[in-house]
Amino acid sequence: MEYISASSAIDNGPTHPRMLSISPEDLLTFNQTPLFTTHFLQSPTQSNSSIQSNPTIEPATTMSKALYLTQVDGKPGQVYYPLNTQTKPAPTPQGRELLIRMTAAALNHRDVFLRQHLYPGITFDVPLGSDGVGVVVGAGPDVSSPERWHGKRVILNPGLGWKDSPDGPEDPNGYRIMGGTRHYRTGTLQEFLVVDEGEAEEAPEHLSDAEAAAMPLTGLTGWRALVVKGGERNSGKGAAVLLTGIGGGVALMALRFAIARGADVFVTSSSEEKIRRAVELGARGGVSYKEEGWEKKLLAMLPEGKKFDAIIDGAGGDAIEKGVRLLKLGGILSVYGMTVAPKMPFLMQAVMRNIEVRGSTMGSRQEFKEMVEFVRANKIRPVVSRVLQTDLDDIAGLDALFQDMKEGKQFGKLVVEFGKSSESKL
């Protein structure tokens with residue numbers, strides 16, 4: 001994992017993160033400004049009675065930086081919207097909302113698609129970012145047990161509208177992902193945000209801030225694609241699982257999950273280096289999909305007569321054609337993305353072999369909870385490619401991180417650390 005500090009000279013190379021600590025009293029301040037909410041999260045020296053005796057305290061003016069897109073002329077796919085930082089008053093939590101001081105956020109391909117105007121619902125008045133971690137510093141008046149959240153390090157469910165149905169979002173308005181669109185009007189690339197308490201989970205204790213920030217969206221997507229759509233029998237102990245396009249966040253989280261579940265995992269990539277690194281993480285082997293006849297080479301790595309139980313794919317294209325050759329009778333092709341092309345021809349051979357193609361996108365709130373619990377129980381660590389330690393007004397540094405995403409240079413997640421946590425493992 002590479003760490004880049006904005007305060008260090010470029011020629012000095014990567015810096016090592018500092019051990020950070022923060023007192024309970026510090027959790028109540030930002031830039032020396034007290035944060036008052038309807039349920040003020042007091043320090044241990046304060047009593048509940050002292051807070052209840054001051055119910056009309058006015059919220060202090062605490063400012064919060066956030067990262068937005070700048071609207072310029074250009075056609076979808078040709079435009080690349082510039083970034084800008086705005087400073088506004090921090091929100092005051094209402095109802096069941098928690099006020100969270102964010103400490104780190106991670107990029108996703110959707111952030112690049114937003115800058116290219118290739119994502120639906122784009123707007124220029126909502127902060128970017130779907131992944132992040134932070135510390136709870138305030139609670140609204142209807143939060144059931146504000147003391148439970150006091151000072152907790154939390155990660156956020158990246159989407160709304162999907163509670164627990166195994167089939168898909170129950171909300172008639174559909175599923176709404178955090179960051180950069182009019183459908184969910186908040187994002188993680190800001191210093192303070194509010195979310196309903198039901199959308200927060202305590203971050204697993206073994207994770208650093210960078211690792212915790214890297215987990216939500218790709219972890220949820222990988223969990224549903226592998227475990228829910230792949231199925232218990234085809235993704236657990238003894239199953240042979242193929243992950244295509246290793247190196248991206250979803251594929252790497254699926255790799256972590258599958259290995260922890262006892263599956264034999266194989267990978268494909270255009271990069272021999274990424275295959276090598278996947279093997280270091282526990283994959284049994286891999287092949288370059290640029291090689292002629294790579295399917296035969298891959299099958300030769302399995303026991304004689306064995307084929308794959310499941311393929312977890314984010315590319316589309318000729319995945320079904322390849323799947324016919326690689327999958328067992330009744331095997332599963334779980335597709336969570338189609339980066340090659342938006343269409344896949346379905347072949348009669350797939351019908352004859354009873355192959356199932358299952359679309360998978362993100363996941364429910366229940367699946368998010370199950371994924372976090374699995375990560376905690378199995379001490380799984382998301383793979384982080386690079387961490388930029390900076391402020392949200394470092395546009396040049398943030399642009400460079402986006403460029404890594406555009407060029408596909410990363411092996412794992414790209415993370416921005418812009419705050420500090422009392423429970424940071426760095």
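This is a predicted model: local features need pLDDT of at least 70, side-chain atom pairs count only at pLDDT 80 or more; totals for chains, interfaces and linings use all residues.

Student: How many helices and strands does the protein have?

Tutor: The secondary structure comes to 13 helices and 21 strands. Helices (H or I, at least four residues) and strands (E, at least two) are DSSP runs, numbered from the N terminus.

Student: And what share of the residues counts as buried?

Tutor: Of the 426 residues, 54% count as buried. Buried means under 20% relative accessible area, exposed over 50%, and partly exposed in between (1.4 Å probe, protein chains only). The accessible surface of the protein comes to about 18,600 Å², of which 50% belongs to carbon and sulfur atoms; these areas come from the Shrake-Rupley method with a 1.4 Å probe, and for residues only the protein chains shown count as cover.

Student: Among contacts between residues at least 6 apart in sequence, what percentage join residues at least 24 apart?

Tutor: The figure is 73%. Contact means heavy atoms within 4.5 Å.

Student: On to packing. At what angle do helix 5 and helix 12 pack?

Tutor: Helix 5 (residues 216–229) and helix 12 (residues 365–378) pack at about 95 degrees, and their axes are 9 Å apart. That makes helix 5 roughly perpendicular to helix 12. Angles under 35 degrees count as roughly parallel, over 145 as roughly antiparallel, 65 to 115 as roughly perpendicular and the rest as oblique. Axes are lines fitted to C-alpha atoms, for helices over the stretch in contact, and angles run from 0 to 180 degrees between N-to-C directions.

Student: Which residues meet there?

Tutor: From helix 5, Pro216, Gly219, Leu220, Trp223, Arg224 and Val228 meet Glu367, Phe368, Glu370, Met371 and Phe374 of helix 12. By class, this contact has seven nonpolar, one polar and three charged residues. Ala, Val, Leu, Ile, Met, Phe, Trp, Tyr, Cys and Pro count as nonpolar, Asp, Glu, Lys and Arg as charged, and the others, Gly among them, as polar.

Student: Helix 7 next. How many of its twelve residues are buried?

Tutor: Nine of the twelve are buried, so helix 7 is largely enclosed by the rest of the structure. Among the buried residues are Val250, Leu252, Met253, Leu255 and Phe257. The elements that cover the buried residues of helix 7 include helix 5, strand 14 (240–243), strand 15 (264–269), helix 8 (272–280), helix 12 and strand 21 (413–417).

Student: What span should helix 7 have?

Tutor: At 1.5 Å a residue, the twelve residues of helix 7 (residues 249–260) should span 16 Å, and the end C-alpha atoms are 17 Å apart, which agrees. The expected span is 1.5 Å times one less than the number of residues. Helix 7 is followed by Gly262, whose phi is positive, near 95 degrees.

Student: Which residue has a positive phi near 60 degrees without being glycine?

Tutor: Asn354 has that value, and it lies in the loop between helix 11 (348–352) and strand 19 (356–359). Asn354 counts as exposed, at 53% relative accessibility. Lys379 also has a positive phi, near 50 degrees, and is found in the loop between helix 12 and strand 20 (384–389). Lys379 counts as exposed at 53% relative accessibility.

Student: Back to the interior. Where is Ala239?

Tutor: Ala239 is found in the loop between helix 6 (232–235) and strand 14, and is buried, with a relative accessible area of 2%. Ala239 and Asp309 are 70 residues apart in sequence and 6.1 Å apart in space, C-alpha to C-alpha.

Student: And is Ala240 buried or exposed?

Tutor: Ala240 is buried, with a relative accessible area of 3%, and lies in strand 14. The residues that Ala240 touches, not counting those up to four places away in sequence, include Leu302, Phe308 and Ala310.

Methods:
Residues are numbered from 1 along each chain as its sequence is written. Side-chain values use heavy atoms; hydrogens and water are left out.
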